[in-house]
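Thank you all for coming.

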Amino acid sequence: MVAMLVGLALLGFLAWSWWQSRLPGRYDVMSYGAVDRGGAPPIAHNHFSVDSITGPQGKPDYKVILTAKKAPVRLASGQEVNAWTFNGAAPGPELRIRRGDLVQVTLVNKDIDDGVTIHWHGLDVPNAEDGVAGVTQNAVEPGGRYVYRFRPEQVGTFWYHTHQDASQGVKEGLFGALVIEPKAKAHGVDLALPVHTFSGRTAIGTHDNVWRKAVRPGTPVRLRLINTDSASARFQLSGMRASVVAIDGAGLAPAQVPAGEPIEIGAGGRYDVGFVMPNGVASMEVERSKAALVLSPDGTGSPTAAPSGPAFDPAARSQAKPALQGAQFDRTFDLTISKKVGFLNGRPGRHWALNGELYPRVPMFEVAKGDLVRINLTNDSSSVHPMHLHGHHFLVLTRNGKAVSPWSTDTLLMLPHERYSVAFRANNPGLWMLHCHNIYHSESGMMTILGYRSSK
């Protein structure tokens, strides 16, 4: 009799847990999670209204229409894939915009059944222009349209992609390269290189084999490496004296890449590599694929990469000098990634957890405009997690408790069991996602919200 009562109680608890985990079709993301104020006192005001934080008005300097539609795409090898495209191409059109120009992008959805948005990955746009379905806008349904307006103040390598059912939409091809250039354009060869896997074939743009290009010796070259997949990618460089000159759109003092060291880029991340074209062949290969870029004076040649070794480490670029040493942080948050048995939207299993809680009952970080914020990130798992914060860039302070050569990033690659301390200035009000950019992890619950409180 006791065993039966215990069994019934257990069944009742499981049924209650299952019911509580289910999400309605529409819900307020801030209504579920536990508000974490990072040690600051409560602020007796509401959150900023996303609708009030829109882009600037006026005559745009740069206008483009991006139409999401299904279309066949032919790779350089001749293989044709059925893709989801912007303007019939995957990747979508490369957007090159000058810093400070007023941008207007009109998104049209022709036939993507589940809807589509555009997120400007790495650009600190006004919150209503961030393109996150369910947070900053509703997904654009077939036959609908949406207008984005913003004025980029950053310079660097970014990319755009749908943020509606992104695990499928980005995989199928709804993405493109985005480059913000200074007013005075630099001379030389400048190539934006989005890397993506189409139907099992890795491609640089649409080049799923060796892409050859003629470049005159002595020409300055900049390669903008963009990882658009939901897994890390390694790039092997050979034949040139290459330096990393930017990470995630943020410039840094040139850091030479030692021979044999590949550059590992987490999902969603970007690295800019610069060098002066040599007299011979310079090549870049995507490891574990046939995709490669070969530069030579006459446009011929083959990849010449050396055997791969340990990856380039941005934290060890130079002697570590602690950043923000002695700074008084207004708020400090802890975020630990792990796994937990339970129900995620009605699905039983061992799911991703944040601070021991399953989505949507995860911590929601609350800040006020002007705060200096620190987040202590812990990857308590055996998986890799590229953590992406919308609308802001982190300054990396420490790794595993030790000071690093600091760098600015919006997509921090965390290896298994690594710990990082990062900081940023809360200067872009709104509701912003913080999530793993392995999109399958994100859609399995590894995401939360950074929300600003209004001072009014």
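I will begin with the chain as a whole and then turn to its aromatic rings.

Please keep in mind that this is a predicted model, in which local features need pLDDT of at least 70 and side-chain atom pairs count only at pLDDT 80 or more, while totals for chains, interfaces and linings use all residues. Residues are numbered from 1 along each chain as its sequence is written, and side-chain values use heavy atoms, with hydrogens and water left out.

The chain holds 3 helices and 32 strands, these being DSSP runs numbered from the N terminus, with helices (H or I) of at least four residues and strands (E) of at least two. Its radius of gyration is 23 Å, close to the 23 Å that the globule rule gives for 456 residues, so the chain is as compact as a globular protein of that length; the radius is taken over C-alpha atoms, and the rule is 2.2 Å times the number of residues to the power 0.38. Along the principal axes, the C-alpha atoms fill a box of roughly 85 × 55 × 55 Å.

Of the 456 residues, 53% count as buried, where buried means under 20% relative accessible area, exposed over 50% and partly exposed in between, with a 1.4 Å probe and protein chains only. If we take contacts (heavy atoms within 4.5 Å) between residues at least 6 apart in sequence, 74% of them join residues at least 24 apart.

Now to the aromatic rings: how many aromatic pairs does a search of the whole structure find? The search gives 9, counting rings of Phe, Tyr and Trp (its six-membered ring) whose centres lie within 6.5 Å, with planes under 30 degrees apart called stacked, over 60 edge-to-face and the rest tilted. The rings of W120 and F150 have centres 5.1 Å apart and planes at 55 degrees, so this pair is tilted. Because W120 lies in strand β6 (residues 119-121) and F150 in strand β7 (residues 145-150), the pair ties together parts that are 30 residues apart in sequence. Both partners are buried, W120 at 0% relative accessible area and F150 at 1%. They also belong to one aromatic cluster, together with F86, Y146, Y148 and Y160.

Finally, let me point to W211, in strand β12 (residues 210-214). Leaving aside residues up to four places away in sequence, W211 touches L193, I204, A292, L293 and V294. Its C-alpha atom is separated by 9.5 Å from that of S302, 91 residues apart along the chain.
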